[in-house]
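Trainee: I have a model open and would like to learn how to read it feature by feature. Can we walk through it together?

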Amino acid sequence: MISEFALTQLYAELPEHVILTDQYQKEPFESDAYTVKKELPGVVVLAESVGHVRSVLRVCNECDIPLVTRGAGTGLSGGARPHREGVLLVLSKLNSVLEVDPLACTATVEPGTTNLRISEVAKEHGLFYAPDPSSQIACSIGGNVAENAGGVHCLKYGLTLHNVVGLTVLTIEGDELVLGGKTYDWEGYDFLALMVGSEGMLGVVTEITVKLLPIPAVRHVLLGGFDDVEIAGNCVAGIIAAGVIPGGLEMMDELAVHAAEEFAEVGYPKDAKAVLLCELDGTEEEVTSTTDKVAEVMKQYDASVIELATDPEQCERLWLGRKVAFPAAGRMAADFYCMDGSIPRYQIGPVLKAITGMSERYNLGVMNVFHAGDGNLHPLILYDASDKNQREGAEQFGAEILEHCIRVGGTITGEHGVGVEKIDQMCSQFSLAEIEQFHRIRNVFDVNRNMNPGKAIPTLARCSELGGMHVHKGQMPFPELSRF
Amino acid sequence: MSHDSLPLQNAVNTALEQKQPLRIAGEGSKSFLYTGDTTVPLLATSDHKGVIEYRPEELVITVRAGTKLSELRGITAEHGQMWACDPPLFDGRGTVGGAIASGWCGPGRPWYGTVRDSLLGVEMINGYGELLRFGGKVIKNVAGFDVARLLGGSQGTLGVLMSASLKLLPAPEHTRSIATSLNSRECTTLISQYSKKTSTLSGTCYFDGKLYLRFTGVAAAVEKEMKAFESNEEIDPQFWQKLRDHTLPFFADDKALWRVSLSRNSMFHGVESDELEEFLVEWNGSLLWCKSQNSLPPTMSMKPYAIRGFRNVKHETSQSSKHAHRLKLAFDPQKIFNPGVVL
C-alpha cells in the first residue's frame, strides 16, 4: 500500500478523478501483456496533462516512493508491472499529435499516441512511421521508446532508436531534458540514444519527435516454401549476402504454418517444413531487380514453392497468415509463452534445431514465427498454465533458449525488453562490472532509484545469489567467447 | 576475452594509480578538433588495430579501435559492402575509434544515418580500469542501457574505446552525380519533392550557385531518375569524398569556418544572406558550413540550431550540463580521460 502521506500529497496536487485507489479500479492495471507476475499498484494516476506528470514525479521524489510509468500496457516483458507501494503513472490519455512537419518529414506527438496513428496522420503527406511492432494498433509510442520496439519492417528501416529524432524527458528530480530535435546533430552526449530502450528507469518521456519516410511506391511479397527448416534459415543469410535488404523477411515453421492455415486459410504450402515471407519495397525498378534476386536465391536453396504477390490484395493475403500467427498459436494450447532472443543470422538453422531438441526434453510444443532477417527469434512455447509442472517447464525452457542465444553470440532480448521477465538472464549476459556501470548511469538521473525499481537492471546481490556459473572474481560467464 | 587489450588496460590502471590524466588519440587526424588539455600524456590507440571478426553475410564487422577507416573501406568493399555513415578520413589517417568518438559522418547522413545508428556493440575501458562490453554483434539488442551508442560522439571523455561491432550495408551497385545551376529557392523546391517519394537520391550539396546531386542504388532505378537531368553536367563522384574530407577548394583557405546544424525543414532558401560571405550547404539544407572572421552572422542565431565552431571552437552550454557532468563521473570519477573536453 502507498503511504497516507504520499496519497495526501497526490490529492493536493491533482484533480480527484485522475487518482484511482479502489481495488476494482486498480485491477485492470495489475500487469502489462506479461501476465505471469502480477501486482496491484499502490495507486494509479491517469495523467491528463504534462502538469500532472510533473506533480506525480515531485510527489514520488519527495515521498521517496516507487514510480512505474505505463502506456498502453502491451509490453511483453513486464516492464510496466506496477509496484505495490508506489504510483502507476498511466500516460495513455496524453495522446495528441502536436505537429506533422512535411518539409522536415517529422511528427511530434505525446507519449500515449498509438504507433499506428502516427502513420495514419502522416499518410496525407505521403509519409509513414516505419517501426511497426505487431501490437501497433494498440501500443503507444511512449512505450515503443521505453522498450526500443521493433517490428517487421525494422530490417530495412531500423528500430525505434533509428526513427526517433527528438524527446522531451522529465526526470524524477524535476529536470526537463530536451534531447535532439529537428537538427541532424546537436551538442553534448547522446542522451537520446540512452533514453531509448531505458525501460522507464531514467525519466518520463512527455514529447516525442519521430522521423517520417515516404510511403514506398511499389511493394512485392515473395513466399518461399522449404522442405527443411535449417535450409530455410540458411536461405535468410543467403538473401542478405546477395546484397538485398528486404523491407521485411519473416520465417514460420511447420507448426506455425499449420496454425495460420487453420485460423485464416491464406493458402500457405501445408507440406512445407518452413515458409519465408520476403517483402521488397521501393521504386518500381528497385523492386523488380531485388525480387528477381531474392527468387533466384530461394531457388538456390531448393525452395519447393515460390509464390510472388505484386498487387496490394495478394500481398495482404500472404501477410495475413503471419499476422494471425500469434492468435492462431492461442488455439494450439491453453497458453503460450513468447520468447525474444536475438542471434547472428548464420545461427538460425542450428538454433532452431537446438530448440526442437529442448522441446522434446521438456515435452512442451514450440512454434517458431519470427523476424528472420534480423535474427530475432520468437519461439512460442505451448503449455497449460493451470498445470504447475508445465508452467515451470515453460519458464525453464524459455530460460534455456535465452542462455543458448548468449552462447551462440546473441542476446537475451531483441525487441521486447528485459523488464521483470529476463532480469535473471541479465546476470548471464553481463559481468558484475558492467551491471555496476548500468547502475551508475541510472544514478545520473535517479539517485534514489525510484523509477521502475526491480526492472531491467538486476542488483549485484541478485546476480551473485544466482550462483557460481555466472560471475567469479570479475570473470565473465563463458570467458572463451568474445560475446559481442 | 581479447588478451591484446592488456597494454591499454595496464596504461589506464597505471594512470589511475598515479592520478595522471591522459589524452586519447588514434592517428591524430582530427587533432584540430580537440578542445582539451594538450599538455597531458598521450594514450595512443593506433597500435590496437585490425579486424576481429567479419562475416559478410551478417553485414557486421568487429574491428579494433585503431583500425584505419581506409583499411575498413578496403576490406568491406571487397565484399561489396560499406560502413554507410561514411565518416571523414581527413588527412587519410582517420581511425574507426576516432570516427566513433567524434560522431561525424559523411554527405549521406540524411539517408544513411549517423555513426551511432550503425554501432551495435563496443568494448571499452572505463575510468575504473575495467574492461567492459556493451551491446553486441546482432542487429537487434535491447538488453541493458545502450552504452555503445552513448559513446558515439562522446569525444573520448567516458573511456577508451577498444573495439566496435558495426552494422554494414550492401554498397550501391550504381552511382551517378550531376551539378545543376539553381538559386537557393529553386533548390528548396526541387529537394522538397524528393522528401515525399521513394528515390535513389543520397547526397545534396549547394554552393557557388550550383546544386550537386548524387543518386545511388539499383542501376535501372538510378538511370530512370537521371533522365530528368540529362542536360546537366555529370561530375566526378570523387566530389563527395572531397566534400567529406574537406579537400574541396572551398575548405582550402585559413578563414574561420563554422559548422551550423540547422533544422531539417530549413532546406536551402534560408541560407543566402548578405551577412554570409561564403557558404556551403549539405544534408538537404540542414548542415551549413560558413566562413566568417569573427562571430556567426546574427541571422543564424535566430534559427533553431546546434552549433559547433570548427576552427574557432565555440561551445554552447548544454541544456543538460548537470547530467553531462554526472555522466562523466559515472564513467570516469577521477577525470583522467581527455581533461578539458566538456560535453
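**Reading the model**

Mentor: Start with a loop: E265(A) is found between α10 (254–264) and β14 (274–282) of chain A. Helices here are DSSP runs of H or I with at least four residues, strands are runs of E with at least two, and both are numbered from the N terminus. Keep in mind that this is a predicted model, where local features need pLDDT of at least 70 and side-chain atom pairs count only at pLDDT 80 or more, while totals for chains, interfaces and linings use all residues. Residues are numbered from 1 along each chain as its sequence is written, and chains are lettered from A and ligands numbered from 1 in the order in which they are written.

Trainee: What is phi of E265(A) near?

Mentor: The general idea comes first: most residues other than glycine have a negative phi. Phi of E265(A) is near 45°, a positive value in a residue other than glycine.

Trainee: Is E265(A) buried or exposed?

Mentor: We count other C-beta atoms, placed from the backbone, within 10 Å of a residue's own: 20 or more is buried, 12 or fewer is exposed, and in between is partly exposed. E265(A) has 11, so it is exposed.

Trainee: And W283(B), where is that?

Mentor: W283(B) sits in the loop between β15 (278–282) and β16 (287–291) of chain B. Its phi, near 50°, is also a positive value in a residue other than glycine. W283(B) counts as buried because it has 23 C-beta neighbours inside 10 Å.

Trainee: Now the whole of chain A. How many helices and strands are there in chain A?

Mentor: Chain A has 18 helices and 18 strands.

Trainee: What share of the contacts in chain A joins residues 24 or more positions apart?

Mentor: A contact means that two C-beta atoms, placed from the backbone, lie within 7 Å. Among contacts in chain A with a separation of 6 or more, 71% are between residues 24 or more positions apart.

Trainee: How do I read a sheet?

Mentor: Strands of a sheet pair through backbone hydrogen bonds, either parallel or antiparallel. Here two strands pair if DSSP finds at least two bridges between them. In chain A, five strands form an open sheet in the order β5-β6-β10-β8-β9, with antiparallel pairing.

Trainee: Which strand does β8 of chain A pair with over six bridges?

Mentor: β8 (residues 164–170) of chain A pairs with β10 (residues 204–211) of chain A, in the antiparallel sense. One residue to look at is L170(A), whose bridge partner in β10(A) is V204(A).

Trainee: What about chain B?

Mentor: Chain B has an open sheet of five strands, in the order β3-β4-β8-β6-β7, with antiparallel pairing. β3 (51–55) and β7 (131–135) of chain B each have a single partner strand, so one side of each is left without a neighbour in the sheet. Inside that sheet, six bridges join β6 (residues 119–125) of chain B to β8 (residues 160–167) of chain B, and these two run antiparallel. L119(B) has L166(B) as its bridge partner in β8(B).

Trainee: Which strand holds V60(B)?

Mentor: V60(B) lies in β4 (residues 60–64) of chain B. With 25 C-beta neighbours inside 10 Å, V60(B) counts as buried. Leaving out residues up to four places away in sequence, V60(B) touches several residues, including R55(B), L120(B) and L166(B).

Trainee: Last one: how many residues of chain A are in contact with chain B?

Mentor: 79 residues of chain A are in contact with 72 residues of chain B. α17(A) gives the largest share of the chain A side, nine residues.
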